[in-house]
Amino acid sequence: MITGKNCIAGKFKAEGKTEFRTIDPKNNVHNPTVFLEATQNEVIEAADKAWDAFKVFRKQSGENRADFLNAIADEILALDKELVDMYMLESGLPEGRAVGERGRTVFQLRSFAKLVENEDWRENTFDAAEPDRKPLPKADLRKTMIPLGPVAVFGASNFPLAYSTAGGDTASALAAGCPVIVKSHPMHAGTSELVASAIVKAAEKTGMPPGVFSSINGGIQAGVDLVSHPKVKAVGFTGSISGGRALYDLAAKRDEPIPVFAEMGSINPVIITPKAIAKRSSELAKTYAGSITLGTGQFCTNPGLLLTVVSTDTEDFITELAKKTIAIEPQCMLHPNIKKGYESKGEQVTSQPGISVVGKYEGNLDPNFAASIIASVSGAEFLKNPKMHQEVFGPFSLVVKCKNENELIEIIDGLEGQLTGTLIAEKDDDLDLVALVDALQNRVGRIIYNGVPTGVEVCPAMQHGGPYPASTDSRFTAVGTHAIKRWVRPISYQSFPKELLPEHLK
Ligand code: NAP
């Protein structure tokens with residue numbers, strides 16, 4: 001049963017008086033459970049207990065941490081229908097998505113468990129001593145990775161399971177040996193509490209210290225208190241640019257600045273060459289209508305910007321894309337605020353001079369359902385107006401018609417950092433594909449050839465992060481097992497006797 005309380009070091013409690021409720025976006029009504037925001041004292045208690053737990057948890061063997069992660073996965077599955085129903089109630093997302101996202105969450109937990117079963121992930125590096133080296137002897141040096149300390153995780157609104165309470169940030173931080181304090185997303189506090197209860201059970205079953213996991217409810221102040229706490233040593237965040245940037249600036253101003261790995265906005269440019277349009281216009285229109293509307297466009301990899309060089313086929317392609325996009329049945333958005341944001345950002349972009357709305361869903365809509373939009377503009381107008389470059393979070397895409405390849409490359413060069421860039425082209429294309437790839441790779445974290453950017457595989461070769469503002473540190477990924485590298489730092493042991501070295505360096 002949902003208590004509406006915070007989970008602090010294994011105990012559900014609430015001292016606070018500030019109440020809130022989640023929303024059922026499909027029916028546009030508040031859900032019955034009353035949640036209580038964490039007080040500053042509760043945030044301090046969670047951080048202090050996480051620090052105490054860190055002293056023990058960081059010394060657990062990789063096998064023990066793997067057992068803990070696998071137990072979390074088992075407990076999440078054991079929640080069964082209760083979790084799926086709560087997910088659907090609080091997000092408006094359908095059952096198939098709930099079950100699929102739960103599968104992804106469990107897969108991530110098990111992938112990190114497998115990764116830390118042995119110590120290779122620490123990139124252990126050995127330099128043998130050379131006592132007779134002239135003019136100076138060389139010391140024995142052994143380098144490894146150690147955990148940073150307690151990590152604050154901000155759950156994402158658009159992934160109530162896979163990037164929230166036991167999502168990729170939490171799984172990778174626990175795998176590294178870092179306790180986690182989650183600031184649950186207020187839109188799905190019930191889903192978060194159920195997952196928190198699964199983590200608490202798993203910690204008890206596998207003998208982990210209680211402070212290894214806490215989850216607090218609350219608004220902006222709870223997040224600020226958490227990131228400001230001196231015992232919190234790193235932050236994981238998925239959400240808006242304004243939220244991620246505020247937390248990044250706050251962390252940088254602390255007496256001891258800490259890293260903030262924020263994954264934020266992206267419009268994910270897709271270059272479609274005239275030759276590709278000439279050869280497969282209908283197929284591309286169908287595929288992209290599906291990608292633009294997938295999950296009501298509420299994915300960080302949603303293709304919000306399509307770039308092409310004008311040809312005789314361009315207008316027909318855009319018209320067909322618009323027709324196919326608005327023919328897809330509108331879906332519910334995650335929350336009234338997300339719907340409001342979609343409408344106001346969409347209005348801001350489409351009211352800019354030179355933009356035409358080629359297609360917009362005009363049928364009746366329930367309150368939180370989104371009308372998909374395809375708009376178009378010339379390359380020259382796009383180049384001079386940065387207001388057109390912003391993310392419209394929802395089923396929206398802007399097609400930019402460039403006069404030639406030079407203008408296309410100038411546009412790519414002028415884009416902000418992106419999670420992904422896609423190239424749709426033919427083998428014998430007329431455009432210089434090498435030049436396009438060269439321009440794209442400077443702006444993005446992942447390049448896709450003849451595909452769609454939506455659908456992020458969880459595997460070691462995945463890069464999910466890109467130049468700012470796609471993420472705050474383009475050297476790291478938020479998806480895949482390399483995500484563990486965000487929560488560790490290198491340390492070298494010089495001239496150490498074997499008995500004082502960590503086991504894996506002996
Ligand atoms: P958000 O507003 O950035 O919120 C994410 C989390 O951070 C919430 O827990 C929020 O708390 C907290 N937060 C936000 N600003 C903060 C601040 N200044 N200080 C401390 N904590 C702060 O994101 P959202 O609620 O998920 O969605 C809002 C918009 O963000 C969307 O409409 C969309 O435009 C964008 N978004 C983009 C992506 C993407 O992947 N590109 C993903 C999700 C959302 P409160 O809720 O209490 O404010």
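Predicted model: local features only at pLDDT ≥ 70, side-chain atom pairs only at ≥ 80, totals over all residues.

Q: Okay, where does the ligand lie relative to the domains?
A: It lies between domain 1 (6–264 + 471–505) and domain 2 (269–449), because both give residues to the shell around it.

Q: And which pocket is that space?
A: The ligand takes up the space of the largest pocket.

Q: Which residues come nearest to the ligand?
A: There are 24 residues around it, and the nearest are Ser-157, Lys-183, His-185, Ser-240 and Cys-300.

Q: What do the side chains of Ser-157 and Ser-240 do there?
A: Ser-157 has a side-chain N or O atom 2.4 Å from an oxygen atom of the ligand. For Ser-240, a side-chain N or O atom is 2.5 Å from a ligand oxygen.

Q: What about Met-264?
A: There the backbone is involved: one of its polar backbone atoms is 3.0 Å from a nitrogen atom of the ligand.

Q: How much of the ligand's accessible area does the protein cover?
A: On its own the ligand has 860 Å² of accessible area, and the protein covers 83% of that.

Q: Switching topic, which helices supply at least two residues of the shell?
A: Helix H6 (220–228) and helix H7 (241–253) each do. H7 gives the largest share, three residues.

Q: Last one: what's the shell like by residue class?
A: Twelve of its residues are nonpolar, nine are polar and three are charged.

Technical notes. Residues numbered from 1 in each chain as written. Heavy atoms only, no water. Near = heavy atom within 4 Å. Polar contact = N/O pair within 3.5 Å; in protein donor to acceptor, adjacent residues only side chain to side chain. Areas by Shrake-Rupley, 256 points an atom, 1.4 Å probe, with all protein chains shown as cover. 1 Å grid on protein atoms, 1.4 Å probe; cavity = no way out; pocket = protein on both sides within 12 Å on 5 of 7 lines; lining within 4 Å. Sits in = over half its atoms within 2 Å of the grid points. Helix = DSSP H or I, 4+ residues; strand = E, 2+ residues; numbered from the N terminus. Nonpolar A, V, L, I, M, F, W, Y, C, P; charged D, E, K, R; others polar. Domains from an automatic or database assignment.
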